[in-house]
Amino acid sequence: MLDDLRTLVEIESPSRDLDAIGASAVAVATVIEKRLGGQAMLIDSAAGPHVHWSGGGSPRVLVLGHHDTVFPLGTLERRPFRVEGGRAFGPGVFDMLGGLVQAVHGLAALDDLSGVEILVTADEEVGSAASRALIEERARACGHVLVFEGAAEGGGLKTARKGCGSFDVHITGRASHAGLEPEAGVNALVEAAHQVLAIQALSRPDLGTTVSPTVASAGTSDNVIPAQATVWVDVRVESAEEKERVEAAFAGLTPRLEGATITVHGGVNRPPLPESASRTLFATARELLPGIEGVAVGGGSDGNFTGVLGIPTLDGLGAVGGGAHADHEFLLVDSMAERANLVTGLVGAIRNGRTE
């Protein structure tokens, strides 16, 4: 497993870099074919190739992951793959190349892979716009989904996720000379300040809703009243009702300064993953690995798309470790065999009808 993990980590795969994503897809397909046989198909998309493999027969379970990462080219040179003190380090080891390797090796332990499909997408880290329809199609066909995102803290499985999305709030004012005639301008930065406070007030922590302005830009020079400003906002919700409330509030943002205009793009593109979607599969996982915990988390994944359709979905089956999206990202090597064995047991139970 460590050899395969090194292979995938050492082919960097930042989202939106089509050349890098193309090379990564070939590497993922090669690992799958080497361990499982058959042919892994590359499915072209605007975000780069997705990888799809089928064990044949009537589809029963979809093993779901992604091969894009958040790290730009050159990260590997600064942070090369290494194993030290029982931990594997390198860009993407935890999110989520380690999970892919564990899944493939867990499947390799089965004598019969009929009914099993693997889908490894190219754009999960940037919203899955080019893969969502394919994910939903294969999930409906298979009827069960196992998602190999990194485990929750302590190795727990992810039994529920918040819905998540982002909004871009663009504000247009009017430029003027900040010294000679500031009153002739409409200050887009001041308008943005008003909107940031209004946006922050949309949060409802008591309902699990967070609305967080995260990035802003405005202006062109320190002596010009800014004519443009943009605020980017991260949103997390636990219910469909909160999704609708927040989206309606963004659509209804109104300017405070006369002459300013507001344009909003975005939305909550990943619906919440309800705990009900994971209930039967999590019960099976606890039979196979007594004591494993189930955790509701704030981050989203492609499992959000499948769970909201009512398809049994269990997430967080991937690497045990931490530091997702950070320089200290790591995977606990001693956990890899146990998690691969969990894959073997879950897929076997699904194929034998023991999760119904």
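**Entry 1: the pocket**

A pocket here is an open set of grid points with protein on both sides within 12 Å along at least five of seven lines. I am working on a predicted model. I looked up the largest pocket and found a volume of about 710 Å³. Which residues are the closest to its centre? I noted Glu-125, Cys-164, Arg-236, Arg-270 and Gly-300, out of 28 residues that line this pocket. Then I asked which elements give two or more residues to the lining. They are helix 4 (93-108), strand 8, strand 9 (163-172), strand 13 (228-237) and strand 14 (261-270).

**Entry 2: the cavities**

Rolling a probe the size of a water molecule over the atoms shows where empty space is left. I counted 2 cavities of 30 Å³ or more. The largest cavity holds about 100 Å³ of space. It has 13 lining residues, and the closest to its centre are Ile-32, Leu-100, Val-104, Ile-118 and Val-120. At least two lining residues each come from helix 2 (18-36), strand 3, helix 4 and strand 6. Which element gives the most to this lining? Helix 4 does, with 4 residues.

**Entry 3: a cis bond**

I stayed with helix 4, where Met-96 has its place. The peptide bond from Asp-95 to Met-96 is cis. I read its omega as near -10°.

**Entry 4: the sheet**

Strands of a sheet pair through backbone hydrogen bonds, either parallel or antiparallel.

**Entry 5: two sides of helix 8**

In helix 8 (residues 279-288), I found Leu-281, Phe-282, Thr-284 and Ala-285 buried. Where do they sit around the axis? They cover an arc of only 160°, so they are on the same side of helix 8. On the other side, Arg-279 and Glu-287 are exposed. I then looked up what covers the buried residues. The cover includes strand 7, strand 8 (157-161), strand 15 (294-297), strand 16 and helix 10.

**Entry 6: two positive phi values**

I picked out two residues other than glycine with positive phi. Ser-128 has phi near 65°, and His-325 has phi near 70°. Ser-128 lies in the loop between strand 6 and helix 5. His-325 lies in the loop between strand 17 (321-322) and strand 18 (330-332).

Is Ser-128 buried or exposed? Its relative accessible area is 1%. The cut-off for buried is under 20%, so Ser-128 counts as buried. His-325 has a relative accessible area of 44%. Exposed would need over 50%, so I put His-325 down as partly exposed.

Definitions and conventions:
Residues are numbered from 1 along each chain as its sequence is written. This is a predicted model: local features need pLDDT of at least 70, side-chain atom pairs count only at pLDDT 80 or more; totals for chains, interfaces and linings use all residues. Side-chain values use heavy atoms; hydrogens and water are left out. Buried means under 20% relative accessible area, exposed over 50%, partly exposed in between (1.4 Å probe, protein chains only). The arc is that of the directions from the helix axis to the C-beta atoms. Contact means heavy atoms within 4.5 Å. On a 1 Å grid over the protein atoms alone, a cavity is a set of points where a 1.4 Å probe fits but cannot get out, and a pocket is an open set with protein on both sides within 12 Å along at least five of seven lines; lining residues have an atom within 4 Å of a point. Grid points are joined across faces, edges and corners, and a volume is the space filled by probe spheres set on the points.
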